[in-house]
Amino acid sequence: MPTSVFGLNNPPSSEDPAGFTTPRELAQQSSLSTFNGGLDQYKCQPDSTSTSRRSSIEALRAGQQQPPCSLTHKRKSTRATDGASPVKKPKRVSSGYAAPSKYAHLVNKLTDSLAPNLICVFIGLNPGIWTATTGHAYNHPSNLFWKLLYKSKCTPRLCRAEEDGDMPKLYSLGLTNIVSRPTKDGSELSKAEMDAGVAELEAKVAMQRPESVAIVGKSIWESIWRVKHGTNIRKDQFRYGWQDDSERMGVVEAGADSWPGSRLFVATTTSGLAAGMRPHEKEEIWKELGDWIIERRAERGDKGAATNH
């Protein structure tokens, strides 16, 4: 067997047909071994967790065990299983409409405050529980009606709800509602019963013939419009303040007793539950009505209303 110059037996090399390894080749082999040995420290060593997980997966594939909790990820399916109906979410109970029977035990003591030929009649939605119980309009402490009436100068002083029956005599102002039955708030009324109240309103206005009517709230005007025009009012058609002459209420057309009807003003709601507008925005709308009422009192010579404090 041939030996190298160092006396070591080496396998024949393709580069050395005689089977000898030169010193240069031996040095290269030694360097390569050292390099490969250095790489061993960077090899990825599987930890116990990954080894255990891999074993569990292999066992699962072989059908030997049930999948552990850590390998399962349950998701709630929204699809119906074969042959089963989809699960329906329960409907949320509406806090809106309340049947008349809910408040049938209440005795509504509120009555209209009306008289012929008033300057303005205010048309509200319906009496609240406290108003119906006490028999005085807009009597809930959170309602802003009496404050807005005073701030707009519709009345020369701040009146109390208990004075509602004296408003025609004191200030030539009247009070009525589109719906007479009491509820906790306006959401407990239906559109149908609000629309049904329009005809009675028209009859009251035609009988008493006030110079104007003030609608206290957008929803009331929406009902009057719906009945009169046979369709809902569009956003671009709605506005607060004085309406066109074609919208007058209580018009009497036939005979010698014909009458052009009352001018119509749409004011904001005064309910304390309505937070759609800031107080100063409401006051600005009401002031337009108040300025006109002051002017009409002066023209009519209503000295009592101007000096009653």
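Me: How many strands does the open sheet have, and in what order?
Reply: The open sheet has five strands in the order 2-1-3-5-4, with mixed pairing. Strands are DSSP runs of E with at least two residues, helices are runs of H or I with at least four residues, and both are numbered from the N terminus. Two strands are taken to pair if DSSP finds at least two bridges between them. The model is a predicted one, in which local features need pLDDT of at least 70 and side-chain atom pairs count only at pLDDT 80 or more, while totals for chains, interfaces and linings use all residues. Residues are numbered from 1 along each chain as its sequence is written, and side-chain values use heavy atoms, with hydrogens and water left out.

Me: Which strands stand at the edges?
Reply: Strand 2 and strand 4 (241-242) do; each has a single partner strand, so one side of each is left without a neighbour in the sheet.

Me: In which sense do strand 3 and strand 5 pair, parallel or antiparallel?
Reply: Strand 3 (residues 212-216) and strand 5 (residues 263-267) pair in the parallel sense, over five bridges. Within this pairing, Val213 has Leu264 of strand 5 as its bridge partner.

Me: Changing topic: how much space lies in the largest pocket?
Reply: The largest pocket holds about 1000 Å³ of space. A pocket here is an open set of points on a 1 Å grid over the protein atoms alone, with protein on both sides within 12 Å along at least five of seven lines; a cavity is a set of points where a 1.4 Å probe fits but cannot get out, and lining residues have an atom within 4 Å of a point. Grid points are joined across faces, edges and corners, and a volume is the space filled by probe spheres set on the points.

Me: Which lining residues are the closest to the centre of the largest pocket?
Reply: Of the 50 residues that line the largest pocket, the closest to its centre are Leu125, Asp185, Gly186, Thr269 and Ser271.

Me: And which element gives the most to that pocket's lining?
Reply: Helix 8 gives the most, with six residues. Helix 3 (129-134), strand 2 (173-177), helix 6 (191-196) and helix 8 (218-229) each supply at least two residues of the lining.

Me: How do the pocket's lining residues divide into nonpolar, polar and charged?
Reply: There are 17 nonpolar, 25 polar and eight charged residues in the lining of the largest pocket. In this scheme Ala, Val, Leu, Ile, Met, Phe, Trp, Tyr, Cys and Pro count as nonpolar, Asp, Glu, Lys and Arg as charged, and the others, Gly among them, as polar.

Me: How many cavities of 30 Å³ or more are there?
Reply: The count comes to one cavity of 30 Å³ or more. The largest cavity contains about 50 Å³ of space, and its lining consists of Leu114, Val121, Thr176, Lys204, Val205, Gln208 and Pro210. Helix 7 (residues 198-208) gives the most to this lining, with three residues. By class, the cavity lining divides into four nonpolar, two polar and one charged.

Me: Salt bridges next: how many are found in the whole structure?
Reply: A search of the whole structure finds 17 salt bridges, a salt bridge being a side-chain nitrogen of Lys or Arg within 4 Å of a carboxyl oxygen of Asp or Glu. Glu211, Arg296, Glu299 and Arg300 are linked in a network of them.

Me: How far apart are the closest N and O atoms of Asp291 and Lys287?
Reply: In that salt bridge, the closest N and O atoms are 2.9 Å apart. Asp291 and Lys287 lie four residues apart in helix 9 (residues 279-300), so about one helical turn separates them. Asp291 is partly exposed at 37% relative accessibility, and Lys287 is partly exposed at 43%; buried means under 20% relative accessible area, exposed over 50%, and partly exposed in between (1.4 Å probe, protein chains only).

Me: With which residue does Asp236 form a salt bridge?
Reply: Asp236 forms a salt bridge with Arg234, with the closest N and O atoms 2.9 Å apart. Asp236 counts as exposed at 59% relative accessibility, whereas Arg234 is partly exposed at 47%.

Me: Finally, how many disulfides does the structure hold?
Reply: The structure holds zero disulfides, where a disulfide is a pair of cysteine sulfur atoms within 2.5 Å. For Cys120, the nearest cysteine sulfur is that of Cys154, 6.9 Å away. Cys120 is buried at 0% relative accessibility, and Cys159 is buried at 4%.
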